[in-house]
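Take a look at the model below.

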Amino acid sequence: MKEFAVGVDLGGTTVKMGLFRSDGELVKKWEIPTDTSDGGRAILPDIAKSIRAELDGLGISAGDVAGIGIGVPGPVDAETTVHRCVNLGWGVINLRKEMNALIPEIPEIAANNDANVAALGELWQGGGRGFDSAVLITLGTGVGGGVVLNGQIISGCNGGAGEVGHMTVNVHETEQCTCGKYGCLEQYASANGIVRLAKRMLAKSEKPSALRTMDRITSKDICDLAREGEEMSQDILDRWGSYMGRAMGNISCTIDPDVYILGGGMSRAGQLVTSAVLRHYKKYAFHVSQNTGVVLAQLGNDAGIYGGAKMILG
């Protein structure tokens, strides 16, 4: 058995990489800038060059590496073909074929959507450790998601599985989501979404709130005030939790995971957000799934490299 695997988290600004032993120990992590010029032509050659340099520096032969697992910010099919990735400037590109040409000593190349790969990483050595199945929901500028069932990433026929941020949770919404639909979870549950929700609720309420004096409200402001006991902010967070709980209840009817893992900026509020979600999740979940756990992500920005390595190590 080969001793090492490389996990790669390919982002629009940086490429994060990690070298792992076969037992899951992280040996070293590093990153390089993502060169998106000229349609992203230099991205994969840069990754291959960087991996070679790091292995050489550690005195490790590329032949001792079992494979490279890559998380990509776009849809990836079962043949490791990326179908259009705007952030990287890519159209259609087969990662296995391209990487095999660049670094043939490491023939095994695995790839998947970055959110799915991060979910696998969290299930392996993060917040979901000890479970077999999980749904990761990332609460950042948008709402992303990844699904792992019985240790296997679920991508769907078109690479669209796990796009929980674009599940419809409000059929009466009149403003359009960035995806083109209306009433998506992302419009309410993301860091931007809860601020948008707050502004709407403040406009319809006469309750006093420190939020009214702020030039620029953030999700952290709302969570901090809710934690301090401000009623208006608690109402906003409760409404946020109702949208999250409804979405997760629907997900459980289809997937029935062991656990939900919350990541991204909103998750930094800790038990405040997990409690808000659980209050409503139990109302919307099918009875056999009502006790599904909700935990916080633990690997932060490293989840992608862990998941990439896990795709290789199995």
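The paragraphs below go through the sheets, then the aromatic rings, then the pocket. Keep in mind that this is a predicted model.

Start with one of the sheets. Five strands form an open sheet in the order S3-S2-S1-S4-S7, and their pairing is mixed. Which strands stand at its edges? They are strand S3 (26–33) and strand S7 (108–113). Each has a single partner strand, so one side of each is left without a neighbour in the sheet. Direction ignored, neighbouring strands of this sheet are turned by 15° against each other on average.

Now follow the chain through this sheet. S1 and S2 run antiparallel and are joined by seven bridges. Phe4 has Arg21 in S2 as its bridge partner. A hairpin of three residues leads from S1 to S2. S2 and S3 also run antiparallel, with seven bridges between them. Here Gly18 has Lys29 in S3 as its bridge partner. S2 and S3 form a hairpin too, with four residues between them. Look for Gly24 in that turn: its phi is positive, at about 95°.

S1 has another link. Five bridges join S1 to strand S4 (residues 65–72), and these two run parallel. Val6 stands opposite Ile68 in S4. While you look at the strands, keep one general point in mind. In a regular strand, side chains alternate between the two faces of the sheet.

There is another five-stranded open sheet to find. Its order is S10-S9-S8-S11-S12, and the pairing is again mixed. Strand S10 (152–153) and strand S12 (293–296) are the edge strands, and each pairs on one side only. S11 and S12 pair in the parallel sense over four bridges. In S12, Gly293 is the bridge partner of Val259.

Strand S8 also belongs to this sheet. Leu136 has its place in S8. Is Leu136 buried or exposed? Its relative accessible area is 3%, so Leu136 is buried. Leu136 and Ile261 are 125 residues apart along the chain, yet their C-alpha atoms are separated by 4.6 Å.

Gly245 has a relative accessibility of 0%, so it counts as buried. In sequence, Gly245 and Ala285 are 40 residues apart. In space, the distance is 8.1 Å, C-alpha to C-alpha.

Next come the aromatic rings. Two values describe a pair of them: the distance of the centres and the angle of the planes. How many aromatic pairs does a search of the whole structure find? It finds five. One of them is made by Phe20 and Tyr306. Their ring centres are 4.9 Å apart and their planes are at 70°, so this pair is edge-to-face. Phe20 lies in strand S2 and Tyr306 in helix H10, so the pair ties together parts that are 286 residues apart in sequence. Both Phe20 and Tyr306 are buried.

Tyr260 and Tyr281 make another pair. Their ring centres are 5.8 Å apart and their planes are at 70°, so the pair is edge-to-face. This pair links distant parts of the chain, 21 residues apart. Tyr260 is in strand S11 (residues 259–263), and Tyr281 is in helix H9 (residues 271–284). Tyr260 is buried, with a relative accessible area of 0%. Tyr281 is also buried, with a relative accessible area of 0%.

Finally, turn to the largest pocket. Its volume is about 1,500 Å³. It is lined by 47 residues, and the closest to its centre are Asp114, Ala115, Thr138, Val143 and Gly144. Which element gives the most to the lining? That is H4, with four residues. Several elements supply at least two lining residues each, among them strand S1 (4–10), strand S2 (14–21), strand S8 (134–139) and helix H10 (303–313). What kinds of residue make up the lining? There are 14 nonpolar, 25 polar and eight charged residues.

Technical notes:
Residues are numbered from 1 along each chain as its sequence is written. This is a predicted model: local features need pLDDT of at least 70, side-chain atom pairs count only at pLDDT 80 or more; totals for chains, interfaces and linings use all residues. Side-chain values use heavy atoms; hydrogens and water are left out. On a 1 Å grid over the protein atoms alone, a cavity is a set of points where a 1.4 Å probe fits but cannot get out, and a pocket is an open set with protein on both sides within 12 Å along at least five of seven lines; lining residues have an atom within 4 Å of a point. Grid points are joined across faces, edges and corners, and a volume is the space filled by probe spheres set on the points. Ala, Val, Leu, Ile, Met, Phe, Trp, Tyr, Cys and Pro count as nonpolar, Asp, Glu, Lys and Arg as charged, and the others, Gly among them, as polar. Rings of Phe, Tyr and Trp (its six-membered ring) pair if their centres lie within 6.5 Å; planes under 30 degrees apart count as stacked, over 60 as edge-to-face and the rest as tilted. Buried means under 20% relative accessible area, exposed over 50%, partly exposed in between (1.4 Å probe, protein chains only). Two strands pair if DSSP finds at least two bridges between them. Axes are lines fitted to C-alpha atoms, for helices over the stretch in contact, and angles run from 0 to 180 degrees between N-to-C directions.
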